[in-house]
Amino acid sequence: MSFKTKFFRIVNPITKNFSFEKFSGLLPFDDLILVYHLVSDEDVKHVKHLFPYRSVRQFEKDLDFLSNHFEFVNWEDYLNQKKTSKPKLLLTFDDGYSEFYDIISPILLRKGIFAINFINPKFIDNKELMWRNKASLIVSEIIDKEEYQDKMFEWTKNELKESISSILSINFENQNQLDEIANHLEINFKNYLQNNPVYLTSEQLIKLKKDGFGIASHGWDHPLYNQLSLEQQIDNTQKSLDYMTDNQFLNDSFAFPFTDHLVTEQFFDLIFKQNSDLKYTFGAAGLKLESYSKNIQRIPIETKNYSAEEILKNEIIYYQVLKMLGKNTIKRS
């Protein structure tokens with residue numbers, strides 16, 4: 001458990017008793033960027049073991065709270081630093097899940113709210129299941145089916161809890177292990193994708209663009225960047241940005257999959273030099289300053305079962321504590 005997670009767990013019972021107005025004056029920035037992944041009332045097997053996602057009711061409650069305290073802006077207004085009476089807020093989503101088209105976009109259109117969806121081109125049209133989604137799906141199937149539990153025990157001699165932990169800890173470099181486990185259990189990822197479209201399709205992306213939403217780069221295949229060489233980082237990013245250019249989506253922004261932790265200044269210098277249209281890159285470390293001015297941190301909203309209000313309160317207090325300790329800025333090597 002990270003220090004930040006522990007901090008939230010300690011302060012949340014306290015901060016939830018106070019109105020947001022008590023904290024809003026401590027906001028360090030005039031504009032915030034939030035990041036979600038998906039919204040669903042269903043049991044989403046390929047996600048449920050990765051992070052807690054919002055129900056429709058919870059999501060709409062978040063939006064109502066945010067609308068009371070912030071002004072939602074679109075990408076152009078964000079770039080142009082539009083003057084607003086309330087702090088600005090840019091809404092973003094990662095991974096290009098199909099729920100953005102089926103569930104989220106109708107809600108946002110009804111409320112007049114813009115959002116950018118940062119996608120991985122490799123998975124568009126459900127050509128393949130992303131490695132982390134594979135892990136969650138395998139764990140879901142093992143938990144649901146005793147025969148899979150027996151197969152895993154015969155194969156690994158590990159107890160159920162240990163097997164689950166082992167599967168969820170498989171990293172990008174060793175993702176082929178997930179295919180080996182699926183083959184052993186006779187879990188067919190292609191069949192799953194055909195019966196349960198996980199990601200957006202090309203046609204849906206075009207429709208979302210026509211509806212005014214942004215489509216932008218999240219890396220080609222959702223790698224963990226600190227496990228890639230500098231050359232691999234650039235190649236993965238460039239390939240995804242080229243896809244955006246070729247399909248006339250947004251090629252002026254890029255959001256790191258997972259985290260930008262340990263990404264060096266050299267990466268930023270190279271990727272911005274290669275892409276004259278690129279305006280900003282985005283991490284997801286919450287309220288933090290950045291030593292590289294064109295890289296901006298977003299606030300993850302899917303943290304435990306905290307509401308957007310609770311998360312923002314906790315982020316504000318956490319930032320102020322880090323500021324006192326002189327640790328509120330991410331410094332690049």
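Author: Axes are lines fitted to C-alpha atoms, for helices over the stretch in contact, and angles run from 0 to 180 degrees between N-to-C directions. The model is predicted, so that local features need pLDDT of at least 70, side-chain atom pairs count only at pLDDT 80 or more, and totals for chains, interfaces and linings use all residues. Residues are numbered from 1 along each chain as its sequence is written, and side-chain values use heavy atoms, with hydrogens and water left out.

Reader: How are α6 and α9 oriented to each other?

Author: Helices here are DSSP runs (H or I, at least four residues), numbered from the N terminus. The axes of α6 (residues 131-144) and α9 (residues 176-185) come within 10 Å and cross at roughly 30 degrees. Angles under 35 degrees count as roughly parallel, and α6 and α9 are therefore roughly parallel.

Reader: Which residues of α9 make the contact with α6?

Author: Contact means heavy atoms within 4.5 Å. From α6 the contact draws on Trp131, Lys134, Ala135, Ile138 and Ile142, and from α9 on Leu178, Asp179, Ile181, Ala182 and Leu185.

Reader: At what angle do α3 and α5 pack?

Author: Two packed helices are described by the angle between their axes and the distance between the axes. For α3 (residues 56-69) and α5 (residues 99-111), the axes lie 12 Å apart, and the angle is about 30 degrees.

Reader: Which residues of α3 are buried?

Author: Buried means under 20% relative accessible area (1.4 Å probe, protein chains only). What covers the buried residues of α3 includes α5 and α14 (308-325). The buried residues in α3 are Phe59, Glu60, Asp62, Leu63, Phe65, Leu66 and His69.

Key. Helix = DSSP H or I, 4+ residues; strand = E, 2+ residues; numbered from the N terminus. Buried < 20%, exposed > 50% of the residue type's maximum accessible area, 1.4 Å probe, protein only. Parallel < 35°, antiparallel > 145°, perpendicular 65-115°, else oblique.
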